[in-house]
Amino acid sequence: MKKPIMAIMYDFDKTLSTTDMQNYAFIPALGMTPDEFWGATGEFSKKTGCERILSYMWMMIKLSKEKGIQCTQKWLNSLGKEVQYYPGVETWFKRINEYGKSKGVRVEHYLVSSGTKEIIDGTSIAKEFKKIYGCEFYYDPETKLPIWPKFAINYTQKTQYFFRISKGITNKTDDSVNNKTVSRRIPYENMVYLGDGMTDVPCMVLVKQNNGNAIAIYSKKEQGNVSSLLRGGRVNFACLADYSENSDLDKTMKLIIDKISINHTLKCKEEELLKKEMRREKSAK
């Protein structure tokens with residue numbers, strides 16, 4: 001019996017990490033506070049009409065140049081080691097993988113972030129993901145400095161990765177994702193999305209509407225921000241940002257794995273009985 005595959009999709013900022021990834025080391029290197037940097041980004045977006053994600057990427061290039069910082073890919077990677085996580089994150093992946101294995105479920109982890117992929121690639125947990133989708137820069141071949149956004153993911157664009165992952169199309173530039181598919185590598189109901197708030201709503205709603213599970217993650221000081229998501233039926237669960245063993249989130253994810261395992265066993269049983277009945281009917285003729 002082939003093992004069912006389960007995909008867990010994660011936002012990054014304030015879902016796995018305690019704040020925006022740029023806040024830990026990139027913005028301090030500019031000699032700015034997070035409020036100053038994000039405030040300047042908002043003003044630039046408002047003034048120019050530039051999309052918010054593209055605006056922050058432009059400001060990273062512009063301000064690095066003004067401050068004389070060599071914002072190379074290697075340097076951005078090095079900032080990943082400064083990222084801080086919620087409790088239990090660094091041991092979460094192994095624990096969940098092992099629990100899935102004990103239930104006959106193959107668990108895969110995917111990161112879908114509007115943050116800077118170069119910083120994510122330098123984090124201690126980057127190796128845990130089957131695929132990381134994030135915003136990337138194009139670098140000048142000679143100077144090695146960023147000169148243009150190579151890839152950007154805003155809040156609604158995140159939804160395409162639900163379909164890509166389900167179909168097994170992990171190449172982000174492969175347009176065959178739009179082709180009609182009869183069989184999927186990962187059924188919708190075997191998919192889970194973890195996000196921290198309103199910017200994750202499009203993905204949360206999409207996953208929930210397709211019988212997957214959407215989980216809103218909140219810190220102790222921001223619990224009120226997710227209550228409207230539960231009341232509005234946009235998520236299945238809301239859990240404190242604690243990935244430790246026996247936490248509410250840990251228990252909830254294990255219950256979802258249990259459900260996937262049971263549903264797969266029942267489906268296999270149904271198929272077995274159907275084949276048996278078809279053989280009986282055939283031999284009776």
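## Starting point: Glu 90

Which helix does Glu 90 lie in? Glu 90 is part of helix H5, where helices (H or I, at least four residues) and strands (E, at least two) are DSSP runs numbered from the N terminus. This is a predicted model, in which local features need pLDDT of at least 70 and side-chain atom pairs count only at pLDDT 80 or more, while totals for chains, interfaces and linings use all residues. Residues are numbered from 1 along each chain as its sequence is written, and side-chain values use heavy atoms, with hydrogens and water left out.

Is Glu 90 buried or exposed? With a relative accessibility of 51%, Glu 90 counts as exposed; the scale here is buried for under 20% relative accessible area, exposed for over 50% and partly exposed in between (1.4 Å probe, protein chains only). Leaving aside residues up to four places away in sequence, Glu 90 touches Tyr 85, Ser 124 and Ile 125, with contact meaning heavy atoms within 4.5 Å. Glu 90 and Val 201 are 111 residues apart along the chain, and 25 Å separates their C-alpha atoms.

## The chain overall

The chain's secondary structure comes to 10 helices and seven strands. Its C-alpha trace spans about 85 × 40 × 35 Å along the principal axes. Of the 285 residues, 47% are buried. If you take the contacts with a separation of 6 or more, 60% of them are between residues 24 or more positions apart.

## H5 against H10

Helix H5 covers residues 89-102 and helix H10 covers residues 248-284. The 14 residues of H5 reach 20 Å from first C-alpha to last, close to the 20 Å expected at 1.5 Å a residue (the expected span is 1.5 Å times one less than the number of residues). Val 89, Trp 92, Phe 93, Arg 95, Ile 96, Tyr 99 and Gly 100 are the buried residues of H5, and they pack against S1, S2 and H10. Just past the end of H5, Gly 104 has a positive phi of about 75 degrees.

H5 and H10 pack at an angle of about 30 degrees, with axes 10 Å apart. That makes H5 roughly parallel to H10. For reference, axes are lines fitted to C-alpha atoms, for helices over the stretch in contact, and angles run from 0 to 180 degrees between N-to-C directions; under 35 degrees counts as roughly parallel, over 145 as roughly antiparallel, 65 to 115 as roughly perpendicular and the rest as oblique. On the H5 side, the contact uses Trp 92, Arg 95, Ile 96, Tyr 99 and Gly 100, and these meet Leu 249, Asp 250, Met 253, Lys 254, Ile 257 and Asp 258 of H10. By class, the residues in the contact of H5 with H10 are six nonpolar, one polar and four charged; Ala, Val, Leu, Ile, Met, Phe, Trp, Tyr, Cys and Pro count as nonpolar, Asp, Glu, Lys and Arg as charged, and the others, Gly among them, as polar.

## H2 against H3

H2 and H3 pack at about 120 degrees, with their axes 9 Å apart. The two are therefore oblique to each other. H2 brings Phe 37, Trp 38, Ala 40, Thr 41, Gly 42, Phe 44 and Ser 45 to the contact, and H3 brings Arg 52, Ser 55, Tyr 56, Trp 58, Met 59, Met 60 and Leu 63. The contact of H2 with H3 sorts into nine nonpolar, four polar and one charged residues.

Buried residues of H3 include Ile 53, Ser 55, Tyr 56 and Met 57. Among the elements covering the buried residues of H3 are helix H1 (26-29), helix H2 (34-48) and helix H4 (73-79).

## H7, a mostly covered helix

Six of the eight residues of helix H7 (residues 160-167) are buried: Tyr 161, Phe 162, Arg 164, Ile 165, Ser 166 and Lys 167. Strand S1 (5-10), strand S5 (191-195) and helix H8 (201-209) are among the elements that cover them. Just after H7 comes Gly 168, with a positive phi of about 80 degrees.

Lys 14 has a phi near 65 degrees, a positive value in a residue other than glycine. Lys 14 sits in the loop between S1 and H1, and at 28% relative accessibility it counts as partly exposed.

Asn 246 also is not a glycine, and has a positive phi of about 70 degrees. The loop between strand S7 (237-240) and H10 holds Asn 246, which counts as exposed at 54% relative accessibility.
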